[in-house]
Every structure is written in structure tokens, then in C-alpha cells.
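Here is a short briefing for a reader meeting this structure for the first time. Please look at the sequence and the model before reading on.

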Amino acid sequence: MSSATRLQEAGTGAGKDLARRHPGAPSRIRRAALPLGSLLLFLVLWQLLAVSGTWSQTLVPPPAKVWDAFVAVSTTHDGVRGYNGTYLLEHLGISLRRIALGAGIGIAAGVVFGLLMGTVRWVRSLFEPWITFLRTLPPLAYFSLLIIWLGINEEPKITLLAVAAFPPVAVSTTTAVAAVPSSLVEAARALGASRWDVVRDVLVPSALPETLTGVRLAVGVAYSSLVAAELVNGLPGIGGMVRDAANYNNTPVVLVGIIAIGVSGLVIDGLLLWLERTGVPWRGRV
């Protein structure tokens, strides 16, 4: 047997041994490579579109200009601190605080109403049409009314985000509670469980996976409502920054704000997905 053949067989054996020891390695590499590859492809297409001359670079700036805008709004340049006196991270942090408070209120109310509507039939008949009505309304349809009622400070923004986040959680929790097998409830009652025990030990664990899915949807809806919530008196805030930059045709800053919203949304959704996987390991098993 030649030395080349022996080396080839040794390499093949080492590869098989590595695959046996790390069976998921190729799939993990592929999962990481695909998003990175799509990102690189997107940047290349973006650059080609920007330099093609099809549109003005005021409308479609190249990635380098967007990067310069990112640096400008993240640092102090020529005595100007970030954008409108506030750094990008500060804009984003203020908006995330608004989302956390508003969406948190809406999620908490959605869970409570979902449990009530899933367990008490007349409550569901009473409130379900109103929640469906609310779910179909775009945020801008009632934001002006909230401003008239609550002013132009934080109250209308928080209320808008809470109202936007409420229906997905309420609907998902209601559906999940109503779908709990009656045999589980009857078994718990046969063992002497009170009504509260049934809710705590049977309904809530069974509904929790779908409720967390509703929470993810609610956070996404709150994010999509962010710019609308910060239309009035939204600075400082990332949505307000996007809106203000758009008024002056500052497309690079608009894109920086959009990317910041999208990336932070991906991170938060990933954290919620991790919480769902680790917090409810019984999903799909009951």
C-alpha cells in the first residue's frame, strides 16, 4: 500500500472519528454559515444597487455611508453628541424601556384575560369580540385619540404599546386554556383539587407554551408599533430618531435606526425562544 493511500485512509478515519465524537458539528456549522452567507449576499447586492445609479444615493446610500452614519450617531463628532444630543444606544435604551413597560402591561393583562376567557364561558362571549376588534385596528387609528386623552408625554406611548401587545397574548392563552383536555381537569378534581389548584397546576402549565408563543408575537407587534408610538415627542427614542431623520431625508440615519430596531428585536426574540425551550420542556408532550 502506498504512503499516499495510507494518508488518505488515515484522514478518512480521522474525519469519521470526529463525526462520531461531534455528530452535530456539520449541521451547526451549516446553520451558522447560512445566515452569514445571506448577510454577505445582501450587502453585495445593496452595494451594487447603490453604485448602479438606478436611484440617487440620497435615497439608496451605499453601506459605507450607513456605517459612517452609525459611527456619527454613536459617538461625538465636531462637538455634536450622537443624534439630537443623544447616542444611538441611549435612543435604543429609552425605546426598549417603553416597550418593556408597555408590552409588559399588555402581556400581563392578556394572560389574565386569557385565563378568564378560557375558563369562564360567559367572560369569553363578552370580551372576545372586543379583543378581535382591537386586534384588527392599526396603531395609528387610535394613537391620535390617545394623544387627545393622555397628552404628548410618555402616557400615550406606553398605552399604545400595551394595547398593541394585549390581543396576541389574550387570544393565544384563551385558545390554549380551552384546548386543555377535560380528562386532566376531571382527574385533578377527583383528587381533591380546588378550582385554584386546577388553574395553577393544570391549566397554566398546559397553556404556558402557547402563551409564550403569544408573548413573542406581542413583542413583535409592540416593535412594529414603536415608530407610531414615537411619532409625537418621540425624541429621545429610536423610533423618534427614525421619524426625525426621515423628515430631513437623512436616509443613512433612518437605515441605522431600522437596523438597530431589527437587530435588537432579533436578540429579544432569541431570548424569548430560549426561555420557551428551557422554561417549558414539556411542550408537545402533554
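Predicted model: local features only at pLDDT ≥ 70, side-chain atom pairs only at ≥ 80, totals over all residues.

The protein chain has 12 helices and 2 strands. Of its 286 residues, 33% count as buried.

**Overall layout**

- From the N terminus on, the elements run α-α-α-β-β-α-α-α-α-α-α-α-α-α.
- Take the contacts in the protein chain with a separation of 6 or more: residues 24 or more positions apart account for 67% of them.

**Helix α5 against helix α7**

- Two packed helices are described by the angle between their axes and the distance between the axes.
- Helix α5 covers residues 121–135, and helix α7 covers residues 154–178.
- Their axes come within 9 Å and cross at roughly 140 degrees. That angle makes α5 oblique to α7.
- The crossing of α5 and α7 is left-handed.
- On the α5 side, the residues in contact are Arg124, Ile131, Leu134 and Arg135.
- They meet Val163, Phe166, Pro167, Ala170, Val171, Thr174 and Ala178 in α7.
- By class, the contact of α5 with α7 has 8 nonpolar, 1 polar and 2 charged residues.

**Helix α8 against helix α9**

- Helix α8 spans residues 182–190, and helix α9 spans residues 195–224.
- The two pack at an angle of about 145 degrees, with their axes 10 Å apart.
- Here α8 passes α9 in a right-handed crossing.
- Leu184, Val185, Ala188 and Arg189 represent α8 in this contact. From α9 come Arg195, Val198, Val202, Leu203 and Ser206.
- Sorted by class, the contact of α8 with α9 has 6 nonpolar, 1 polar and 2 charged residues.

**Nonpolar cores**

- In soluble globular proteins, nonpolar side chains tend to be buried together.
- Which residues have the most contacts inside the largest nonpolar core? They are Leu88, Ile99, Ile107, Leu160, Ile238 and Val253, in a core of 39 residues.
- Helix α12 (residues 251–279) gives the largest share of this core, 6 residues.
- Leu88 touches Phe70, Val73, Ser74, Ile238, Met241, Val256 and Ala260, not counting residues up to four places away in sequence.
- A second, separate core has 10 residues, among them Ala176, Val180, Leu203 and Ala207.

- Most residues other than glycine have a negative phi, and most peptide bonds are trans.
- Where is Pro236 placed? Pro236 lies in the loop between α10 (226–229) and α11 (238–247).
- The peptide bond from Leu235 to Pro236 is cis, with omega near 0 degrees.
- Asn233 is also found in the loop between α10 and α11.
- Phi of Asn233 is positive, near 55 degrees, in a residue other than glycine.
- Is Asn249 buried or exposed? Asn249 counts as exposed because its relative accessibility is 56%, and exposed means over 50%.
- Asn233 has a relative accessible area of 39%, so Asn233 is partly exposed.
- Asn249 sits in the loop between α11 and α12. Although not a glycine, Asn249 has a positive phi of about 55 degrees.

Key:
Residues numbered from 1 in each chain as written. Heavy atoms only, no water. Axes fitted to C-alpha atoms, helices over the stretch in contact; angles between N-to-C directions. Helix = DSSP H or I, 4+ residues; strand = E, 2+ residues; numbered from the N terminus. Parallel < 35°, antiparallel > 145°, perpendicular 65-115°, else oblique. Left-handed = near helix turned anticlockwise from the far one by under 90°. Contact = heavy atoms within 4.5 Å. Nonpolar A, V, L, I, M, F, W, Y, C, P; charged D, E, K, R; others polar. Core = buried A, V, L, I, M, F, W, Y, C linked by side-chain atoms within 4.5 Å. Buried < 20%, exposed > 50% of the residue type's maximum accessible area, 1.4 Å probe, protein only.
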